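Please look over the sequence and the model before reading on. The note below is meant for someone who has not seen them before.

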Amino acid sequence: IFKYLLIISLGVIIFTSCEEDPITLEQKIVGFASVSGSIAEPSNTPIAIPVYNAATSGSGCTVAFTFSVEGIANPAVEGTDFTVVNAQNSLTFNSSYQTDTIFILPINNGDYEGNKTVTVVLGTPTNGFELTAESNFTLTLVDDEHPLAAWLGSFTADAQSYGKPGVWDEVWNITIEPETETEVLIYGVGGAVAPGAIIATIDANAMTITIAAGQVVLDMYGAFYHMTIAYSDYFTINNPGQGLTGTISADGSIHVDFWGHYYAPGGWWWDAFNVYLTKN
């Protein structure tokens, strides 16, 4: 809004001289308030996509909108993946400065097809108005039927220490997000903020989860030491290259035993845990 107000404030430019009368230049514009957004299925409330028009004076305008899937690998199709709530695919502004809204509701088809995208495109406005640079809006429809949906979301991890049971136990706040149809990103391991996520592979048929060894949990001492993941019972220097294999349950819970945190270089263990992840 502030951007458009600034444009309007500069829209009237007066050139004066001792010999000429003032000349008024007016800019009349229409555009989206933002260029992208998303809505997850299923949803009973449509996403609201605001469109603004602005002029220094006079009447408003009408602008149509269409949908384009050009260049989109997994396109969202009107009538199949979403519906337009508006009575018609056009907006009418009755004054020189106004806001109107495009409302779009996703269609929940019950099948996993991945996130889909469509571009909402504004047409040529009437009454001498022009489009701003924000004339296209990229809308992403987030699919909720991911095959690993039961093991996505927020979890509390009860990490029971092997080094000093009860004394060195840890609790991690975990977030699991999809990476592919079989891989997930796990955030918050060991309470770590950086470097981000570790990758795990979930086999929903075998009900197992595997985590490759050597993935960095966090850096210490100016990144000189890297706390990495490996199989261990803490007291035995197991193979730091051995990864982890755990089990998953239909209720969304995850269990991974002998979850070791190993410092490299250096070759010493932080601790090893029997980890139970409970979905929040």
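1. Basis. This is a predicted model, in which local features need pLDDT of at least 70 and side-chain atom pairs count only at pLDDT 80 or more, while totals for chains, interfaces and linings use all residues. Residues are numbered from 1 along each chain as its sequence is written, and side-chain values use heavy atoms, with hydrogens and water left out.

2. Overall make-up. Of its 280 residues, 36% count as buried (buried is under 20% relative accessible area, exposed over 50%, partly exposed in between, with a 1.4 Å probe and protein chains only).

3. Contacts and surface. Taking contacts (heavy atoms within 4.5 Å) between residues at least 6 apart in sequence, 62% join residues at least 24 apart.

4. Cavity. How many cavities of 30 Å³ or more does the structure hold? There is one; the largest cavity has about 70 Å³ of space. A cavity here is a set of points on a 1 Å grid over the protein atoms alone where a 1.4 Å probe fits but cannot get out, and lining residues have an atom within 4 Å of a point. Points are joined across faces, edges and corners, and the volume is the space filled by probe spheres set on them.

5. Cavity lining. Among the residues lining the largest cavity are Glu41, Asp81, Lys116 and Asp143. The lining divides into three nonpolar, two polar and five charged residues (Ala, Val, Leu, Ile, Met, Phe, Trp, Tyr, Cys and Pro are nonpolar; Asp, Glu, Lys and Arg charged; the others, Gly among them, polar).

6. Serine 95. This residue sits in the loop between strand E8 (90-92) and strand E9 (97-106). Serine 95 is partly exposed, at 29% relative accessible area. Leaving out residues up to four places away in sequence, serine 95 touches Asn53, Gly58, Ser59 and Gly60. Its C-alpha atom is 8.6 Å from that of asparagine 53, 42 residues apart along the chain.

7. Threonine 228. Strand E19 (residues 225-231) holds threonine 228, which counts as buried at 9% relative accessibility. Beyond residues up to four places away in sequence, the residues that threonine 228 touches include Gly214, Val216, Gly260 and Tyr262.

Notes. On a 1 Å grid over the protein atoms alone, a cavity is a set of points where a 1.4 Å probe fits but cannot get out, and a pocket is an open set with protein on both sides within 12 Å along at least five of seven lines; lining residues have an atom within 4 Å of a point. Helices (H or I, at least four residues) and strands (E, at least two) are DSSP runs, numbered from the N terminus.
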